[in-house]
Amino acid sequence: MKTQQADNYREAVIALLAAEKLPTDDLPKTLENFVVTTQEEDLTGVIGLELYGDYALLRSLAVNKNYRNQGIAGKLLQQVEELATSKGIKAIYLLTETAPAYFSSKGYDTITRTDVPAKVQQSSEFSYVCPQSAIVMQKLLNQVL
């Protein structure tokens, strides 16, 4: 299993997200803040960040159904959190309808939409892509104690 930057996999990323019924219309032009896992020629998983100043929106975490239960999602999440940390991101936010327990187990806390920074609230995911019923979560990074 290889983890790499996603730019060269745009079509495969779109196909995987569509298969998982995740939004694709609002993907950024370049996938520079997206990470994929591959096995031989197969795209096995994807995850991405949208950056908003000191904050990031986690989006598009998907694992190919043929490769589930192999720890791929956890590996992708760790990679994208390291990417966010390297870019000086203070917190990662996400919206989920299906996986709050999973993200909670990875250190994300459930918050309200009003707790999310205004810059992130203006993203397409918050504005119109994800329903109001989606659960909002955050994970704080780069915290100086």
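**Exercise 1. The aromatic cluster**

Work out which residues of this predicted model form one aromatic cluster, and how the rings within the cluster are arranged.

*Solution.* The cluster consists of Tyr102, Phe103 and Tyr108. Begin with Tyr102 and Phe103, whose ring centres lie 5.5 Å apart with 80° between the planes; since an angle over 60 degrees counts as edge-to-face, this pair is assigned to that class. Continue with Phe103 and Tyr108, where the centres are 5.7 Å apart and the planes stand at 75°, so this pair is edge-to-face. Phe103 takes part in the pair with Tyr102 and in the pair with Tyr108. For the structure as a whole, the number of aromatic pairs is three.

**Exercise 2. Accessibility in the cluster**

Decide for Tyr102, Phe103 and Tyr108 whether the residue is buried, partly exposed or exposed.

*Solution.* The cut-off for buried is a relative accessible area under 20%, and exposed begins over 50%. Phe103, at 6%, is therefore buried, and Tyr108, at 1%, is likewise buried. Tyr102 has a relative accessible area of 27%, so that residue falls in between and is partly exposed.

**Exercise 3. The largest pocket**

Describe the space in the largest pocket and the make-up of its lining.

*Solution.* The largest pocket holds about 730 Å³ of space. Its lining comprises 30 residues, and those closest to the pocket centre are Leu22, Leu61, Thr96, Thr98 and Ala99. Next, assign the lining to secondary structure: among the elements that each supply at least two residues are helix H2 (72-86) and strand E5 (91-96), while E4 gives the most, with seven residues.

Notes. Residues numbered from 1 in each chain as written. Predicted model: local features only at pLDDT ≥ 70, side-chain atom pairs only at ≥ 80, totals over all residues. Heavy atoms only, no water. Phe/Tyr/Trp six-rings, centres within 6.5 Å; stacked < 30°, edge-to-face > 60°. Buried < 20%, exposed > 50% of the residue type's maximum accessible area, 1.4 Å probe, protein only. 1 Å grid on protein atoms, 1.4 Å probe; cavity = no way out; pocket = protein on both sides within 12 Å on 5 of 7 lines; lining within 4 Å. Points joined across faces, edges and corners; volume = space filled by probe spheres on them. Helix = DSSP H or I, 4+ residues; strand = E, 2+ residues; numbered from the N terminus. Nonpolar A, V, L, I, M, F, W, Y, C, P; charged D, E, K, R; others polar.
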